[in-house]
Amino acid sequence: MKKIAIFGVGLIGGSFALALKRAGAVGQVVGVSRTAATLERAKELGIIDVASTSVAEALEGADLVLVAAPVAQTGKILASIAPHLRPGTVVTDAGSTKCDVVAAAREALGEKISQFVPGHPIAGAELSGPDAALADLYVGKKVVLTALPENTEADIECVAGAWRQCGALIHRLSAEQHDSVFAAVSHLPHLLAFGLVDDIARKPHADLLFQYAASGFRDFTRIAGSSPEMWRDISLANQTALLRELDDYMAQLERMRAMLAAGDGAALETVYANAQRARHAWSKTIETAEKPAPRGGN
């Protein structure tokens with residue numbers, strides 16, 4: 001690609017740019033952000049080549065546009081892009097929810113909707129901003145594309161190919177499937193981690209509790225260090241599916257509370273053992289999937 005434009009040059013967008021640059025897959029990267037300081041820092045770090053405050057300038061001659069901003073901003077950004085979107089330019093996003101993004105894209109882009117290929121890289125960290133960007137963030141990680149009926153296979157492949165250059169593995173789901181799956185395995189865990197840390201922080205003896213919190217607490221709550229703004233938007237955007245998963249989890253907690261109150265050790269152990277087996281099985285699939293393929297030699 002000769003040129004790509006990235007709206008949001010923090011962890012996700014910045015890592016995308018660094019990975020493509022390392023792969024030699026892009027000539028010029030133009031960054032667009034709400035704040036000049038963010039753009040300046042991204043340029044200092046070599047993430048972007050041009051810091052632009054003009055959407056028209058950013059899109060001029062761009063092969064690919066990535067919207068890597070909080071999902072609540074997607075509609076507004078796409079609306080700013082629409083008047084300047086020329087044939088041949090493909091737009092994608094990195095949002096953690098898809099049904100709301102697709103709806104916003106249809107409203108913002110209108111007849112140009114065929115040029116928008118929704119996506120979601122399944123990678124991240126609790127840090128944010130340009131300084132958090134990593135060239136190898138996506139290596140071995142999944143990227144889910146929720147292609148639209150209007151998309152051409154060539155445009156889908158344009159987006160898929162860019163992510164492959166970053167080292168990612170491409171998966172495809174419908175927007176509805178995506179939001180249902182990630183409500184359970186991503187959005188709910190974040191809600192729980194934020195909720196637990198907030199609960200402890202509000203206790204009168206919070207300082208004492210945090211003093212003795214160790215690796216178990218650290219591992220369980222790591223994701224509570226993520227961007228509150230981003231996770232506020234994700235939670236509200238996927239409200240229906242997240243509420244369903246939260247209700248199921250609360251019912252599970254009620255069952256476990258009843259076991260604990262009754263002193264039913266056997267029942268608790270059954271839950272723990274089933275969870276352990278499932279966790280070990282899942283861990284093995286992850287290790288297998290992320291194991292590098294053997295290299296051939298001469």
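Biologist: Which residues are linked with Arg41 in a network of salt bridges?

Modeller: Glu44 and Asp131 are linked with Arg41 in that network. Bear in mind that this is a predicted model.

Biologist: How many salt bridges does the structure hold?

Modeller: Eleven.

Biologist: Take Lys98. What does Lys98 form a salt bridge with?

Modeller: The partner is Asp93, and the closest N and O atoms are 3.0 Å apart.

Biologist: Is Lys98 buried or exposed? And what about Asp93?

Modeller: Lys98 is buried, as its relative accessible area is 0%. Asp93 is also buried, at 1% relative accessibility.

Biologist: Which residue does Asp199 pair with in a salt bridge?

Modeller: Asp199 bridges to Lys203, with 3.7 Å between the closest N and O atoms. Here Asp199 counts as partly exposed, with 39% relative accessibility. Lys203 is partly exposed as well, at 31%.

Biologist: And Asp233, which side chain does that one meet in a salt bridge?

Modeller: Asp233 meets Arg232, at 2.9 Å from N to O. Asp233 counts as buried at 8% relative accessibility, whereas Arg232 is partly exposed at 46%.

Biologist: Moving on to Lys3. Where is Lys3 found?

Modeller: Lys3 sits in strand E1, which covers residues 3-7.

Biologist: Which side chain of opposite charge is nearest to Lys3, and how far away?

Modeller: That is Glu60, 7.0 Å away. Lys3 is buried but has no salt bridge.

Biologist: Why does Glu60 at 7.0 Å not give Lys3 a salt bridge?

Modeller: A salt bridge needs the side-chain nitrogen within 4 Å of a carboxyl oxygen, and Glu60 is 7.0 Å from Lys3.

Biologist: Which backbone oxygen lies 3.3 Å from a polar atom of the Lys3 side chain?

Modeller: The backbone oxygen of Ala58.

Biologist: What else is Lys3 in contact with, leaving aside neighbours within four places in sequence?

Modeller: Its contacts include Val26, Gln28, Val30, Leu59, Gly61 and Leu64. Ala58 and Glu60 are among them too.

Biologist: Now the sheets. What is the order of the strands in the open sheet of six?

Modeller: The order is E3-E2-E1-E4-E5-E6, and the pairing is parallel. Strand E3 (50-51) and strand E6 (116-117) are at the edges with a single partner strand each, so one side of each has no neighbour in the sheet.

Biologist: How many bridges join E1 and E4?

Modeller: Four bridges, in the parallel sense, with E4 covering residues 64-67. In one of these pairs, Ile4 has Leu64 in E4 as its bridge partner.

Biologist: What about the open sheet of three strands, which order does that one have?

Modeller: Its order is E7-E8-E9, with mixed pairing. The edges are strand E7 (119-121) and strand E9 (169-172); each has a single partner strand, so one side of each is left without a neighbour in the sheet. From one strand to the next, the twist averages 25°.

Biologist: In which sense do E8 and E9 pair?

Modeller: Parallel, over four bridges, with strand E8 made up of residues 142-145. Leu145 stands opposite Arg172 in E9.

Biologist: Which helix packs on that sheet?

Modeller: Helix H6, residues 153-165, which touches E7, E8 and E9. The direction of H6 makes about 140° with that of E9.

Notes:
Residues numbered from 1 in each chain as written. Predicted model: local features only at pLDDT ≥ 70, side-chain atom pairs only at ≥ 80, totals over all residues. Heavy atoms only, no water. Buried < 20%, exposed > 50% of the residue type's maximum accessible area, 1.4 Å probe, protein only. Helix = DSSP H or I, 4+ residues; strand = E, 2+ residues; numbered from the N terminus. Lys, Arg positive; Asp, Glu negative; His and termini not counted. Polar contact = N/O pair within 3.5 Å; in protein donor to acceptor, adjacent residues only side chain to side chain. Contact = heavy atoms within 4.5 Å. Pairing = 2+ DSSP bridges. Axes fitted to C-alpha atoms, helices over the stretch in contact; angles between N-to-C directions.
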